[in-house]
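I opened the notebook to record what I looked up in this structure. My entries follow in the order I made them.

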Amino acid sequence: MRLRLSDEDAAFRAQMREFFTTKVPRQIRDAVAARRHLTREQLVESQQVLNAAGLAVPHWPVEWGGRDWTQLQRHIWHEELQRAGVPPPLSFNANMVGPVIAAFGSQAQKERFLPPTASLDIWWSQGFSEPDAGSDLASLRTTAVRDGDEFVVNGQKTWTTLGQYGEWIFCLVRTDPDAPKKQMGISFLLIDMTTPGLQVRPIQLIDGGHEVNEVWFTDVRVPADNLVGELNHGWDYAKFLLGNERVGVAPVGASKRVLADAKGWARSVDLLGDPLVAARFAELENELLALELTALRVAANSADGKADPASSVLKLRGTQLQQDVSELAVDLAGPAGVASFGGDGSAAPEWVRMSTPVYLNLRKASIYSGSNEIQRQIIAKTILGL
Amino acid sequence: MDFTYDAEQVALRDAVRALVGKAYGDFENRRRVVAADPGFDAVLWHGLAEMGVLGLPFAEADGGSGAGPVEVAVVARELGRVLAPEPFLSSVVMAGGLVAAVGTDAQRAEVLGALSAGDRVLAFAHTEPGARWTAAAAAVSAIRRDDGWLVTGTKEPVGHGARADQLVVSAVLPDGGTGLFLVDGSATGLTRQGYPLVDGGRAALVTFEGTPAEPLGEPSDRSADIERVLAGARIIAANEALGAMEVALDTTVGYLGSRKQFGVTLSHFQALTFRAADMYVSLETTRSLVAWASMVLAEAPEQVIEAGSRVGLKVARAGRHIGLEAIQLHGGIGMTAEYSIGTYTAHLTALEQLYGNGHEHLGRLVATVGDHTEVDPLE
């Protein structure tokens, strides 16, 4: 057992901290700290700053911009990034379609897509969930029918996060409706979102924001070259994609940053000395410490990079604490917390105005990426053998 | 940063697991041992001494084997897994720890040598009726008489206080401050009423009436030493609790997989398996914090008091969550003394109350929550 980071890892940490707090524009980090929705331009600029320094896709194969870091270094990279208020590289690009193309795509697909995917010159959207295929993703019904050198896609995807900015969408589509198991007839298709017949419609959320969309496909013609890997093997690639991450599953650094800021908010309303408030800070700090150490333990003690069922623990507990921190902010905000849309014309400080929308918005965290109930199912079955 | 035991620590773990497993692997044996005084197995105690376990934390010059806190933690976790009732925490870690911290060269060699050899059981007579985990003594006092010292007052509960051959006693000094003294089990003016605890452990009401006592080290204020050794003992107790929680969850999972109702095993009911999953989350996050606190004890002594409270709070929360759910998921059988699971919960409860409960540790963390922006385990 060893408490401290090695000199090498400590130096790595200092280097990451230095970069994130000096090279990523202040305005972008301030927007993250204020818990605003970032603009498309801000997200692109931030990722391009990272990518230029080789810090956008460190977990990819070295050939395509990866860094061959240890799991612990990747963990440190991710924590320092969040701590500094740097928006993480767009997950659809960096964590989802990029690794799938790198692992299963053709050479031509890799050359065409991977560089602009890393640099966010292509903005990817995710086309997985459907109105009747949420946690039960394999029951998806969007079809792709081969017609000469093309597939013809019909159906509807939903919960497409930031789809309003999307230029390409990676989709799971049903290519064999007669397969003996529903998982077996699915393929992984890359679709240009400017193709005729593809329509993006906004879904307004309970926080008043526009973050997710429906994507409709009506006779959308997709070149057959845009199929990733083998026909009818899309489910394997989706599982690879969803089980790919063991680092960065729990938003520890971001929750710690918000909790630290919330101490300032509590002071500003003279509540940090209130024993009930202080007890919540102390309890949350302790639970976040336990979670951070768990994430470190998973990262520090893994060499193979294989999916670890401990990811479910990190996701479940990480999102619970993220939500708890947002709830504390609402309680600190008090009555002015309802002035969510008062803007700068309101006397309420921005953190007060943001508190309720963020609290409502973060309900998504225990629903997306495998709901917390799905995570409990994974823990019960895979880890406990129940 | 490394959360794993090295090869020697794994070997120690396996050796201790085999030894205590032979004694208590069958829960019925533990029931039999705790049913009669002294409430532990003297043969096993000597076995632990022969293995070098009782002298682990002490310097070789003092008769110990000079190992570190991580090795002590390894042992505690194994004792926790089988609810071994031997007085390792109270005698070796707490009382022995104080002798090691403040005893003179001669006292350390004499007392710790006998303790390490399994020839002497120590107890730390510190808690006073109505006291709540303070480092200071209040109503037990020491006075100087001729060329010696006498202590007077009442301590309770004193872990293994009735069986102990020698007591380490905290007492208010004539000029204030809390001194530490050694009192022999056969001293005049010493009365001890032993009793079993809810988990089968042992404690005693110990009364001193002008009882001859020998200052442990210089007779000066030792409350800072007591606080530090207590915090270290909390971290070791957390390892013991972790071992108990691991087995409590394993036992519960085993039960869910074998007990049948409505024609199927309980594992078919998501209402139950989801609760087991939540217990696992509690266990894993506790495992991490306990490992961290143990490393702090080994490598960053200046942070031990804070780490003791952090791990104390987490273990209290997780111990209640896992312990109470373990009983509920078992149903009626979990209420019986014959079946192990309820005793695991009783032991987790006893550990929490002896070494500082969640309420206490939360209060301590609250007192300092405004002093820092964030908690960074890597700094």
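**Entry: the contact between the chains**

I began with the contact, which takes 42 residues from chain A and 49 residues from chain B. I note here that the model is predicted. I then looked up the buried area. Chain A and chain B bury about 4,500 Å² between them. Carbon and sulfur atoms carry 63% of that area. Next I asked which three residues supply more than any other three to the area that chain A buries against chain B. They are Met1(A), Leu3(A) and Leu386(A), and they supply 19% of it.

**Entry: polar links across the interface**

I looked for salt bridges between chain A and chain B, and the rule finds 8 across their interface. I picked out one to inspect. The side chain of Lys314(B) meets that of Glu287(A) in a salt bridge, at 2.9 Å from N to O. I also looked up polar contacts. The rule finds 21 residue pairs in polar contact across the interface of chain A and chain B, both residues being at pLDDT 80 or more.

Which elements of chain A give two or more residues to the side that touches chain B? I listed α1 (7-22), α8 (252-268), α9, α10 (310-333) and α12 (372-383) of chain A. The most comes from α9(A), with 16 residues. I sorted the residues on this side of chain A by class and got 21 nonpolar, 5 polar and 16 charged.

**Entry: one helix pair**

I turned to helix α9 (residues 275-300) of chain A and helix α11 (residues 358-367) of chain B. Their axes are 9 Å apart, and the helices pack at an angle of about 100°. An angle of 65 to 115 degrees counts as roughly perpendicular. So α9(A) and α11(B) are roughly perpendicular to each other.

I wrote down who meets whom. From α9(A) come Ala278(A), Ala279(A), Ala282(A), Glu283(A) and Asn286(A). From α11(B) come Leu362(B), Leu365(B) and Val366(B). By class, this contact has 6 nonpolar, 1 polar and 1 charged residues.

**Entry: salt bridges over all chains**

I searched the whole structure and found 45 salt bridges over all chains. One of them joins Arg26(A) and Asp30(A), with the closest N and O atoms 3.3 Å apart. I checked where the two residues sit. Both are in helix α2 (residues 26-33) of chain A. They are 4 residues apart there, so about one helical turn separates Arg26(A) from Asp30(A).

**Entry: backbone exceptions**

I reminded myself that most peptide bonds are trans, and that most residues other than glycine have a negative phi. Then I looked for exceptions.

- Asp37(B) and Pro38(B) are joined by a cis peptide bond, with omega about 10°. I placed Pro38(B) in the loop between α2 (27-35) and α3 (42-50) of chain B.
- Glu156(B) and Pro157(B) are also joined by a cis peptide bond, with omega about -5°. I found Pro157(B) in strand β3 (residues 148-159) of chain B.
- Leu120(A) has a positive phi, near 65°, and is not a glycine. I traced Leu120(A) to the loop between α6 (107-118) and β1 (124-127) of chain A.

Terms used: Residues numbered from 1 in each chain as written. Chains lettered and ligands numbered in written order. Predicted model: local features only at pLDDT ≥ 70, side-chain atom pairs only at ≥ 80, totals over all residues. Heavy atoms only, no water. Axes fitted to C-alpha atoms, helices over the stretch in contact; angles between N-to-C directions. Parallel < 35°, antiparallel > 145°, perpendicular 65-115°, else oblique. Contact = heavy atoms within 4.5 Å. Nonpolar A, V, L, I, M, F, W, Y, C, P; charged D, E, K, R; others polar. Buried area = accessible area lost by both parts, 1.4 Å probe. Salt bridge = Lys/Arg side-chain N within 4 Å of Asp/Glu carboxyl O. Polar contact = N/O pair within 3.5 Å; in protein donor to acceptor, adjacent residues only side chain to side chain.
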